[in-house]
Amino acid sequence: MAFKVAVAGATGNVGREMLAILEERGFPVSEVVALASRRSLGTEVSFGDRTLKVKALDTYDFSDTDICLMSAGGSVSKEWSPKIGAQGCVVIDNSSAWRYDADVPLIVPEVNPGAIDGFRKRNIIANPNCSTAQMLVALKPLHDRARIRRVVVSTYQSVSGAGKEGMDELFTQSRAVFVADPIEPKKFTKRIAFNVIPHIDVFMEDGSTKEEWKMVAETKKMLDPKIKVTATCVRVPVFIGHSEAVNLEFEQPITAEEARAILADAPGCLVVDRPENGGYATPIECAGEDATFISRIREDGTVENGLNLWIVSDNLRKGAALNAVQIAELLVARGLIAPRARAA
Ligand SMILES: NC(=O)c1ccc[n+]([C@@H]2O[C@H](COP(=O)([O-])OP(=O)(O)OC[C@H]3O[C@@H](n4cnc5c(N)ncnc54)[C@H](OP(=O)(O)O)[C@@H]3O)[C@@H](O)[C@H]2O)c1
């Protein structure tokens, strides 16, 4: 059984990673099609040792494609995902366009695989925000054991979370600092080189940012609507890998030692936690890896049943492309999708 898979946004940071991960994990494909905007028509991207010529999304016929991994931004997804879904192709979308729609499952396979069942209502499945995905991989097994009551999270998010332009801006500005060229922020609101910016996505009425709101809403949708979450999301001058300092309050007692043992056995988690120089994970080691790394596990005596964690993961992989491919694998493993008949 093999599937025709389209990757929409194939020239982007996440799209390229999707192509790499489909190949690495041996996802059963009969054909892979690379799609992007008309600007990229005819450019080439790699799929294993093959080269794919990029086609334009807006002229592509999805009627015999089984799965579309969509990573072309929110407005493109808003317009195209319903049209693609209506043609019988299942869309796994990376943007925030559909995450909060009651008829669209929002899935992290290690967290809420059972929620995928309702996907046929729209033929769209949403991939969460990168910061939420990695946090919930670590929180789910702890919640199962001791019920999390409240989460206080501060993020340290890499510039690749803002796409190719974000990475280019950090590179260009860093160079400009050394050669004393003028620096003009474009993608980010302030200089990102040798700086940190406490602002990701737009501001909401209550003074929080949309990125912070996403962490709250998505945690409630995927893990438990009763959990209280407060987030501060910060952009840092790191190319790949988001880090998070997380403070948790549980309903039941749980020690750091128990948490370490639970996380060491949990799917998708890798505990790197030695209280010594270098005995913790940083983004540099996590880039290119699939796991969510958990370090600095320690009790917080200032609240009842409190724990602190440091969570790091590759935002382009678990935060986006890997999670999307795992959702496709989940569809196949549960027998929820079969290859469509194709004209000879
Ligand atoms: N980066 C992350 O950590 C992360 C995590 C979770 C979710 N996401 C989401 O994933 C999506 C892509 O992010 P990214 O980091 O890969 O961005 P990116 O590097 O800027 O790439 C954007 C991709 O979208 C394509 N695109 C733009 N406009 C299009 C249009 N009108 N029609 C078809 N294709 C179009 C671009 O094609 P051209 O090259 O032709 O312009 C490119 O392939 C976004 O929705 C983002 O929010 C990203």
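Let's start with helix α5 (residues 210-222), which lies across β9, β10 and β11 and runs at about 155° to β10. Helices here are DSSP runs of H or I with at least four residues, strands are runs of E with at least two, and both are numbered from the N terminus. Axes are lines fitted to C-alpha atoms, for helices over the stretch in contact, and angles go from 0 to 180 degrees between N-to-C directions. Contact, in turn, means heavy atoms within 4.5 Å.

A word on the model itself: it is predicted, so local features need pLDDT of at least 70 and side-chain atom pairs count only at pLDDT 80 or more, while totals for chains, interfaces and linings use all residues. Residues are numbered from 1 along each chain as its sequence is written, and side-chain values use heavy atoms, with hydrogens and water left out.

Six strands make an open sheet in the order β10-β9-β11-β14-β13-β12, with mixed pairing; two strands count as paired if DSSP finds at least two bridges between them. The edges are β10 and β12 (269-271), each pairing on one side only. From one strand to the next, the twist averages 25°. Helix α3 (residues 130-146) also packs on this sheet, where it touches β9, β11, β12, β13 (292-300) and β14 (306-313), and its direction makes about 25° with that of β11.

Take a look at the β9 pairings. Strand β9 (residues 148-156) runs antiparallel to β11 (residues 242-250), and eight bridges join them; Ser 154 has Ala 245 as its bridge partner in β11. With β10 (residues 228-232), β9 pairs in the parallel sense over five bridges. There, Arg 150 stands opposite Lys 228, and Val 151 stands opposite Val 229.

On to another open sheet, whose six strands follow the order β5-β2-β1-β6-β7-β8 with parallel pairing. β5 (55-56) and β8 (124-126) are at the edges with a single partner strand each, so one side of each has no neighbour in the sheet. Strand β1 (residues 3-8) is joined to β2 (residues 29-36) by six bridges, and the two run parallel; Phe 3 of this pair has Val 29 in β2 as its bridge partner. Helix α1 lies across β1, β2 and β6 (67-70), at about 155° to β1.

There's a hairpin to find as well. Strands β3 (residues 44-47) and β4 (residues 50-53) run antiparallel and are joined by four bridges, with Phe 47 partnered by Arg 50 in β4. Two residues sit between the strands, and Gly 48 takes a positive phi near 60°.

Finally, the ligand. Of the 26 residues around the ligand, the nearest are Thr 11, Val 14, Ser 37, Arg 39 and Ser 40; a residue is near if one of its heavy atoms lies within 4 Å. This shell divides into nine nonpolar, 15 polar and two charged residues, where Ala, Val, Leu, Ile, Met, Phe, Trp, Tyr, Cys and Pro are nonpolar, Asp, Glu, Lys and Arg are charged, and the others, Gly among them, are polar.

Which N or O atoms face the ligand's oxygens? A side-chain N or O atom of Ser 37 lies 2.6 Å from a ligand oxygen, a backbone N or O atom of Gly 12 lies 3.0 Å from one, and a side-chain N or O atom of Asn 315 is also 3.0 Å from one. The protein covers 80% of the 900 Å² of accessible area that the ligand has on its own, with areas from the Shrake-Rupley method and a 1.4 Å probe. The elements giving two or more residues to the shell are α1 (13-24), α4 (163-179) and α8 (317-333).

How values were computed. A polar contact is a pair of N or O atoms within 3.5 Å; within protein, one must be able to donate a hydrogen and the other to accept it, and residues adjacent in sequence count only if both atoms are side-chain atoms.
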